[in-house]
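Let's take a walk through this model together. Have the sequence and the 3D view open side by side.

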Amino acid sequence: MDAQLSRSDRELLKAIYRLTRDGSFAHTGRLALSLGLTPGTVTAAVKRLDERGFLEHQPYRGVELRGPGRAAAVTAVRRHRIVERFLSDMLGYPWNEADRLAGTFEHELPQEVEERMFVALDRPSTCPHGFPIPDPDVEEIPDMPPLYALEPGDVAVVAVPGATDPEVIEFLDAMGLRPGVTVEVKEKHPFDGPVVLRVEGRDRTIGEKVANQIYVRKEQAI
Ligand SMILES: [Zn+2]
């Protein structure tokens with residue numbers, strides 16, 4: 001993890017990573033919105049990181065990461081997810097609290113402590129939300145499609161983003177839809193209709209809106 005980067009630099013690189021993973025450019029206005037910063041602050045930080053070779057800002061098009069920026073984003077995501085695991089597995093925090101707490105101290109951790117945490121946790125492959133912990137040297141964090149992209153017969157493991165509305169989390173929880181749970185799609189109604197899922201031995205019907213808020217890692221069909 002690059003010690004030369006400030007906490008806000010890392011958050012910015014992560015946000016650019018998220019917004020450009022489909023190959024598009026990240027607009028500075030969009031970045032400001034997603035980070036809750038003013039456009040002026042984002043533009044100044046982008047300029048600094050551009051000069052340092054982490055990204056490239058093309059006027060009127062937007063921002064894309066260069067190699068070192070991409071590597072910094074991946075290692076920042078890796079650290080966040082390891083710290084989340086530590087909070088939930090070792091300290092007993094609920095999975096939906098780990099995200100917020102991790103952000104309060106993950107940036108201060110020495111790299112060697114992160115490495116020991118990872119080993120002490122038995123090298124986990126996902127964070128408590130169900131998202132993959134990338135290897136430190138990969139270019140790309142494996143992408144997860146929304147549950148609604150699945151088709152009948154598909155089997156997949158669920159991931160629930162930390163930013164999900166608490167009421168939605170409660171609803172999902174009542175359906176047995178928690179991070180790491182395996183589901184099978186039984187039916188998908190046409191014209192953006194609901195999906196019927198097999199969850200822990202029961203059929204559950206989920207609307208399109210909710211099914212687009214949770215993510216999945218597809219498994220081989222049974
Ligand atoms: Zn997470």
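This is a predicted model: local features need pLDDT of at least 70, side-chain atom pairs count only at pLDDT 80 or more; totals for chains, interfaces and linings use all residues.

Residues are numbered from 1 along each chain as its sequence is written, and side-chain values use heavy atoms, with hydrogens and water left out.

Start with helix H1, residues 7-20. Helices (H or I, at least four residues) and strands (E, at least two) are DSSP runs, numbered from the N terminus. How far should the 14 residues of H1 span at 1.5 Å a residue? The expected span is 1.5 Å times one less than the number of residues, and for H1 that gives 20 Å, which agrees with its end C-alpha atoms being 20 Å apart.

H1 is mostly covered, with 10 of its 14 residues buried. Buried means under 20% relative accessible area, exposed means over 50%, and partly exposed is in between (1.4 Å probe, protein chains only). Among the buried ones are Asp9, Arg10, Leu12 and Tyr17. What covers them? The cover includes helix H2 (28-35), helix H3 (39-51), strand S1 (55-58), strand S2 (62-65) and H4, where contact means heavy atoms within 4.5 Å.

Helix H5, residues 95-105, has its own buried set: Trp95, Ala98, Leu101, Ala102 and Gly103. These pack against H1, H4 and helix H7 (166-174).

Now look for the zinc ion. Which residues hold on to it? Glu84 (OE), Cys127 (SG) and His129 (ND1) coordinate the zinc ion at 2.0 to 2.3 Å. Donors here are N, O and S atoms within 2.8 Å of the metal (3.2 Å for Na, K and Ca), and sites may look incomplete because water is not among the atoms. Along the sequence, the donor residues are spaced E-x42-C-x1-H. Both Cys127 and His129 are buried.

Next, find Arg217 in strand S7, residues 215-219. Is Arg217 buried or partly exposed? Arg217 counts as partly exposed because its relative accessibility is 38%. Leaving aside residues up to four places away in sequence, Arg217 touches Thr126, Met144, Val155, Ala156 and Val157. Glu112, 105 residues from Arg217 along the chain, has its C-alpha atom 30 Å from that of Arg217.

Finish at Met90, which sits in helix H4 (residues 67-90). With a relative accessible area of 42%, Met90 is partly exposed.
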